[in-house]
Amino acid sequence: MDDLKPSVPSDEPNEPDTDTIPVQTWLAPQLDIIALYPACFDLARPRPLKLRIHKDLIAAGHKRSDIKHVLGRYCGRIRYLQSIQPGAVRVDLLGQPAGEVTEAECDSPRARLALISAQRLAIPLKPKPVKIKKIEKVKKPKAVQEPKPVPPLDAPLTPESIVSGRLELTVKFTELPQPVIVKSGMKIGVQTDTALVVTTLKPKVWKKLEKAQVDWTQWVAAMTGKLGAQVGSDAGTIVMLEEASLQVFEKKVKATVPDQ
């Protein structure tokens, strides 16, 4: 019965110690253990009880509730707890030896005695650490976004949407045309998919084409100028290219690898 959980005396000054209370005031009236088993129970000089002695009392016909009440108070007394020492002889109901107290069996009584001493001396016990729950961050509700306006398929331009610029046209060709010599230079035409582009190149610019024709097997010319007048004819639209400039680049032929 050393492992029973007896009622521990309170540290209130008005509650008396169980060691000084007459046995008649706390023993159950149905069971006077000291009177029935004086060789086993002794309030003045208690001895360690036999392990599981409550089973012997049940076998003797006593009620479980009475046994629990009386043994709980008896084994919770300071004198009884002090009697639990390593090697001390345990006794049965007849006062006969029934084993010895082991070192491990002394741990619980020692802890109870320390608790009683701390309560009497008003020494606060070290509180158990309190687990602090992690505070979850409250998510801020998302701001309601206003629907974006859908742009129209088309809209007229405003004056702020228009800036000044220059319209230029670039025409590429890879053949040397036969020029028509005019007063201002060499007049040539480049037929594109949509219109015939006509311009007059200065002699210095024309020489770039002649040099490319002699030096390179293949070349490409990029002619850029200001878009001029557009004239309709039976052959199609004619676009005049003014202030034309010219750049010529060599067109390198990729070498073919013979099949092996």
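Two residues are said to be in contact when heavy atoms of each lie within 4.5 Å. The structure described here is a predicted model, in which local features need pLDDT of at least 70 and side-chain atom pairs count only at pLDDT 80 or more, while totals for chains, interfaces and linings use all residues. Residues are numbered from 1 along each chain as its sequence is written, and side-chain values use heavy atoms, with hydrogens and water left out.

The protein chain contains seven helices and eight strands; helices (H or I, at least four residues) and strands (E, at least two) are DSSP runs, numbered from the N terminus. Of its 260 residues, 30% are buried, where buried means under 20% relative accessible area, exposed over 50%, and partly exposed in between (1.4 Å probe, protein chains only). The accessible surface of the chain is about 19,900 Å², and carbon and sulfur atoms account for 56% of this area; accessible areas were computed by the Shrake-Rupley method with a 1.4 Å probe, and for residues only the protein chains shown count as cover. Among contacts between residues at least 6 apart in sequence, 62% join residues at least 24 apart.

Glu168 and Lys226 are separated by 58 residues in sequence, yet their C-alpha atoms are 4.6 Å apart. Apart from neighbours within four places in sequence, Glu168 is in contact with Thr224 and Gly225. Glu168 is partly exposed, with a relative accessibility of 44%.

A nonpolar core is a set of buried Ala, Val, Leu, Ile, Met, Phe, Trp, Tyr and Cys residues joined through side-chain atoms within 4.5 Å. The largest such core has 19 residues, and the members that touch the most others are Tyr37, Cys40, Phe41, Leu49, Leu71 and Leu93. Helix H3 (53-59) and helix H4 (64-75) are the elements that give two or more residues to this core, and H4 gives the most, with five. When residues up to four places away in sequence are not counted, Cys40 touches Leu49, Ile53, Tyr74, Val91, Asp92, Leu93 and Gly95. A second, separate core of 18 residues includes Ile188, Ala212, Ala244 and Leu246.

Backbone angles were also examined. Most residues other than glycine have a negative phi. Arg52, which is not a glycine, has a positive phi of about 60 degrees and is found in the loop between helix H2 (33-36) and H3. Glu243, likewise not a glycine, has a positive phi of about 50 degrees. Glu243 lies in strand S8 (residues 236-250) and is exposed, with a relative accessible area of 59%.
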